[in-house]
Amino acid sequence: MPIIINLDRILEEKGMKSNELADIIGITTANLSILKTGKAKAVRFSTLDAICNALNCQPGDILEYQP
């Protein structure tokens, strides 16, 4: 898939662990893992909003398109 998820990089830059982010945004660590590995078929805007709010970043920081 040409959509790359850069969530691990952003988490490292912000000094946050996956389980911390999952707790903050209110999803399970399993669902966050599915998103981080690029196995998710879709991302809800509410989830993306919560991630960006928690990490103080833009959606483009997390999602990248590579044809």
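**Figure 1. The largest pocket of the predicted model.** About 200 Å³ of space lies in the largest pocket of this model, which is a prediction. Ile 27, Asn 31, Ile 34, Leu 35, Ala 40, Ala 42, Val 43, Arg 44, Ser 46 and Thr 47 line the largest pocket. Helix H3 (29–36) and H4 are the elements that give two or more residues to this lining. H3 provides the largest share, three residues. Divided by class, the lining of the largest pocket comprises six nonpolar, three polar and one charged residues.

**Figure 2. Packing of helix H2 against helix H4.** Helix H2 (residues 18–25) packs with helix H4 (residues 45–55) at an angle of about 120°, and their axes are 10 Å apart. The angle makes H2 oblique to H4, because angles of 65 to 115 degrees count as roughly perpendicular. The crossing of these two helices, H2 and H4, is right-handed. On the H2 side, the contact is made by Leu 21, Ile 24 and Ile 25. On the H4 side, Ala 50, Ile 51, Ala 54 and Leu 55 take part. By class, the contact of H2 with H4 has seven nonpolar residues, with no polar and no charged ones.

**Figure 3. Packing of helix H2 against helix H3.** The axes of H2 and H3 cross at roughly 115° and come within 9 Å. The crossing of H2 and H3 is right-handed. H2 contributes Ser 18, Asn 19, Leu 21 and Ala 22 to the contact, while H3 contributes Thr 29, Leu 32 and Lys 36. The contact of H2 with H3 consists, by class, of three nonpolar, three polar and one charged residues. Leu 21 of H2 belongs to this contact with H3 and also to the contact of H2 with H4.

**Figure 4. Packing of helix H1 against helix H3.** Helix H1 (residues 7–14) and H3 pack with their axes 9 Å apart and at an angle of about 115°. H1 and H3 are therefore roughly perpendicular to each other. Leu 7, Asp 8 and Leu 11 of H1 make the contact with Leu 32, Leu 35 and Lys 36 of H3. In the contact of H1 with H3, four residues are nonpolar, none is polar and two are charged. Leu 32 and Lys 36 of H3 take part in this contact with H1 as well as in the contact with H2. Leu 35, which belongs to the contact of H1 with H3, is also one of the residues that line the largest pocket.

Technical notes: Residues are numbered from 1 along each chain as its sequence is written. This is a predicted model: local features need pLDDT of at least 70, side-chain atom pairs count only at pLDDT 80 or more; totals for chains, interfaces and linings use all residues. Side-chain values use heavy atoms; hydrogens and water are left out. Axes are lines fitted to C-alpha atoms, for helices over the stretch in contact, and angles run from 0 to 180 degrees between N-to-C directions. Helices (H or I, at least four residues) and strands (E, at least two) are DSSP runs, numbered from the N terminus. Angles under 35 degrees count as roughly parallel, over 145 as roughly antiparallel, 65 to 115 as roughly perpendicular and the rest as oblique. A crossing is left-handed if the near helix is turned anticlockwise from the far one by less than a right angle, and right-handed if clockwise. Contact means heavy atoms within 4.5 Å. Ala, Val, Leu, Ile, Met, Phe, Trp, Tyr, Cys and Pro count as nonpolar, Asp, Glu, Lys and Arg as charged, and the others, Gly among them, as polar. On a 1 Å grid over the protein atoms alone, a cavity is a set of points where a 1.4 Å probe fits but cannot get out, and a pocket is an open set with protein on both sides within 12 Å along at least five of seven lines; lining residues have an atom within 4 Å of a point. Grid points are joined across faces, edges and corners, and a volume is the space filled by probe spheres set on the points.
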